[in-house]
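Hi,

Here is the structure I said I'd pass on.

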Amino acid sequence: MKKKSLCIDFYEVEDLTELSGEDRELLEAAKEMTSNAYAPYSEFYVGSAILLENGKVVKGSNQENAAYPSGICAERVTIFSASAQYPDVVMKTIAVAARNPRQAMDYPISPCGSCRQVLLEFELKQKNPIKILLTGETGKVYIIEKAIDLTPISFSSDDLKRLLS
Ligand code: THU
């Protein structure tokens, strides 16, 4: 048996002036979108915004349902919307922000497993990295340079090839 290790790099940004104007604007858009969340059950409000290579910004928020599993996270709302509206345009960056009235969100939240899988799908499809910016309401920001970094030992269409051919 061989012990193997994985290591990912990411950036922690405390001084937001270190971010590009483009990234700061995208984070602001994600924060604003927390107000559009439909989250009467969790009362946990998540917003996200994707900058496309054509300069358009697609925005989304989490959408819940009385039948809980029918709800969907902000990230997937936004990614699917970007893909539906601009199927052939590269997604450059996604920003995600969270607001929780029960506690000060002064740290970033991180996408759930399903959202990581969906981010990976589109990163592989477009053959271009999707940069991920994560924030709370205030505090530091995390930057992950590509979706694959959040999905080590992942499952992808490559694994289906023998079935598909
Ligand atoms: N949620 C998101 O929208 N994105 C995340 O990254 C984490 C969780 C939503 C799903 C659900 O509506 C609520 O937050 C509580 O889990």
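Let's start with Asp23, which is buried, with a relative accessible area of 5%; the cut-off for buried is under 20%. Keep in mind that this is a predicted model.

What does Asp23 pair with? Its partner is Lys131, and the closest N and O atoms of this salt bridge are 2.8 Å apart. Asp23 sits in helix α1 and Lys131 in strand β5 (residues 131–135), so the pair links parts that are 108 residues apart in sequence. Lys131 itself is partly exposed, at 24% relative accessible area.

Glu22 and Lys92 meet through their side chains in a salt bridge (3.4 Å, N to O).

How many salt bridges does the structure hold? There are six, including one between Lys161 and Asp158, with the closest N and O atoms 3.0 Å apart. Asp158 counts as partly exposed, at 49% relative accessibility.

On to the helices: α2 packs with α3 (residues 113–126) at an angle of about 20°, their axes 9 Å apart. That makes the two roughly parallel, and their crossing is left-handed.

Last, the surface. Tyr38, Tyr41 and Tyr68 make a nonpolar patch of about 370 Å². Tyr68 lies in the loop between β3 (57–61) and α2 (74–85) and counts as exposed, at 59% relative accessibility.

Cheers

Key:
Residues are numbered from 1 along each chain as its sequence is written. This is a predicted model: local features need pLDDT of at least 70, side-chain atom pairs count only at pLDDT 80 or more; totals for chains, interfaces and linings use all residues. Side-chain values use heavy atoms; hydrogens and water are left out. Patches are made of residues with over 30% relative accessible area and no salt bridge: like charges are joined within 9 Å, nonpolar side chains (Val, Leu, Ile, Met, Phe, Trp, Tyr) within 5 Å. Accessible areas come from the Shrake-Rupley method with a 1.4 Å probe; for residues, only the protein chains shown count as cover. A salt bridge is a side-chain nitrogen of Lys or Arg within 4 Å of a carboxyl oxygen of Asp or Glu. Helices (H or I, at least four residues) and strands (E, at least two) are DSSP runs, numbered from the N terminus. Buried means under 20% relative accessible area, exposed over 50%, partly exposed in between (1.4 Å probe, protein chains only). Axes are lines fitted to C-alpha atoms, for helices over the stretch in contact, and angles run from 0 to 180 degrees between N-to-C directions. Angles under 35 degrees count as roughly parallel, over 145 as roughly antiparallel, 65 to 115 as roughly perpendicular and the rest as oblique. A crossing is left-handed if the near helix is turned anticlockwise from the far one by less than a right angle, and right-handed if clockwise.
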